[in-house]
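This report describes selected features of one protein model. The sequence and coordinates are shown first.

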Amino acid sequence: PAGTTSSTSTAYSYGVTLPLHFLGKRLQWSVTACVPTTGQAAVGQIPESCASSAPRPITWTILPPVLSAPADNVLLPNLLPTLSWTHGNQYGVEYFLVCIAKPNVPCPVQPGVQPHVFVARVQNASGFTPPQDLSPFVGHTLHWTVAVCNAALGCFYQPQYRRLQVPFDGSWDSVYPVTQNAKCKNCHQMHAENDTYRRHIQLGRFTREEIPPSNVGGDVFVRGDGFINVDKWVNKCESCHTSATGFTNRWRAPHFRFSFDHPVDGPLCDEFKKPRGGINLQPPTQHMLHDENILWAVDRIPGLGRAVWQQKVNAWFTAGAPCGPTHGRRRGQFTP
């Protein structure tokens with residue numbers, strides 16, 4: 001290129017198409033300016049004089065992958081999904097990282113298992129199925145994304161993650177913890193003289209000889225006296241507990257036979273599968289999905305709500321309503 005004068009400078013540009021094998025590499029560039037040597041060059045003398053600029057670094061980065069399937073925020077059909085992506089140019093790509101994580105958990109740039117995040121290295125493929133199912137996260141929404149990596153530049157994640165709604169696995173494990181919440185046991189353990197029972201005694205709502213009412217079989221058990229008519233005690237509950245006071249219009253305490261004070265492998269699971277409602281028997285799903293008192297309770301359990309509760313119940317009955325704990329599972333994290 002032509003040189004410069006002491007008072008002016010000239011800007012130059014030169015377009016170059018880099019070879020594809022430079023993709024994903026750290027490079028440098030510089031410019032050399034040369035002028036002819038004045039006078040006649042001696043034998044062996046270079047006939048021009050040159051000066052080079054200091055080199056500047058330049059990096060030809062690799063674009064992150066494009067996520068393909070499954071679509072964003074879909075309810076997965078099973079607990080072992082296949083994740084897929086595309087990448088337009090394989091030059092410079094040595095491997096991919098697939099990251100599955102709980103929301104707000106950052107994706108590491110090294111493969112491995114950490115609490116609430118799993119990262120796998122994938123080579124020569126554009127799809128991945130986790131080596132274990134997502135059962136630790138049933139009922140949760142996870143995030144997933146993919147990074148492109150090489151030794152020269154490291155890894156670049158696709159910043160637009162996608163969400164995975166993990167379906168409930170239909171196990172008793174997903175239903176049982178709800179029964180142990182205070183919103184359920186406050187009423188289901190009144191027959192055992194729990195704090196709720198004693199508070200009602202102190203307020204004069206009923207006497208210590210009485211067990212709270214139930215419409216199971218149309219009778220109410222009274223301590224030491226057998227059974228009495230249910231209507232008297234149902235009305236006593238409804239005198240305070242109504243929709244106007246923030247409860248329901250058919251408020252009642254469950255029968256002592258339907259105690260929730262059982263371990264996960266106790267008889268409670270079988271009780272859930274029995275029809276309810278005295279002479280007007282309801283299928284168990286109808287009672288669990290639509291009973292207004294149950295819905296009142298699950299709506300007030302943080303992180304649950306009636307929609308999630310109904311998903312749990314439907315998945316459980318669809319799976320055949322199995323009982324007993326699912327051993328060997330650590331909920332909320334992946335297993336190394």
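Which residues does tryptophan 85 touch, not counting residues up to four places away in sequence?

## Basis of the description

The model is predicted: local features need pLDDT of at least 70 and side-chain atom pairs count only at pLDDT 80 or more, whereas totals for chains, interfaces and linings use all residues. Residues are numbered from 1 along each chain as its sequence is written, and side-chain values use heavy atoms, with hydrogens and water left out.

## Tryptophan 85 and the nonpolar cores

Beyond four places in sequence, Trp85 touches Pro65, Val66, Leu67, Ser68, Phe96, Val98, Val122, Ala125, Ser126, Gly127, Phe128 and Val146; contact means heavy atoms within 4.5 Å. Trp85 and Leu142 have the most contacts inside the largest nonpolar core, which has 26 residues. At least two residues of this core come from each of β7 (83-86), β8 (95-101), β10 (117-122) and β12 (141-150), and β12 supplies the largest share, 4 residues. Another core, of 21 residues, lies apart from it and includes Val175, Tyr176, Val178 and Val298.

A nonpolar core is a set of buried Ala, Val, Leu, Ile, Met, Phe, Trp, Tyr and Cys residues joined through side-chain atoms within 4.5 Å. Buried means under 20% relative accessible area, exposed over 50%, and partly exposed in between (1.4 Å probe, protein chains only). Strands are DSSP runs (E, at least two residues), numbered from the N terminus.

## A three-stranded sheet

An open sheet of 3 strands runs in the order β5-β7-β11 with antiparallel pairing. The edges are taken by β5 (66-69) and β11 (127-128), each with a single partner strand, so one side of each is left without a neighbour in the sheet. Strands count as paired if DSSP finds at least two bridges between them; β5 and β7 pair over 3 bridges. Val66 has Thr86 of β7 as its bridge partner.

## Glutamine 110

Gln110 is located in the loop between β8 and β9 (112-114) and counts as exposed, at 56% relative accessibility. Leaving aside neighbours within four places in sequence, Gln110 is in contact with Leu97 and Val119. The C-alpha atoms of Gln110 and Gly154 are separated by 9.8 Å, although these residues are 44 residues apart along the chain.
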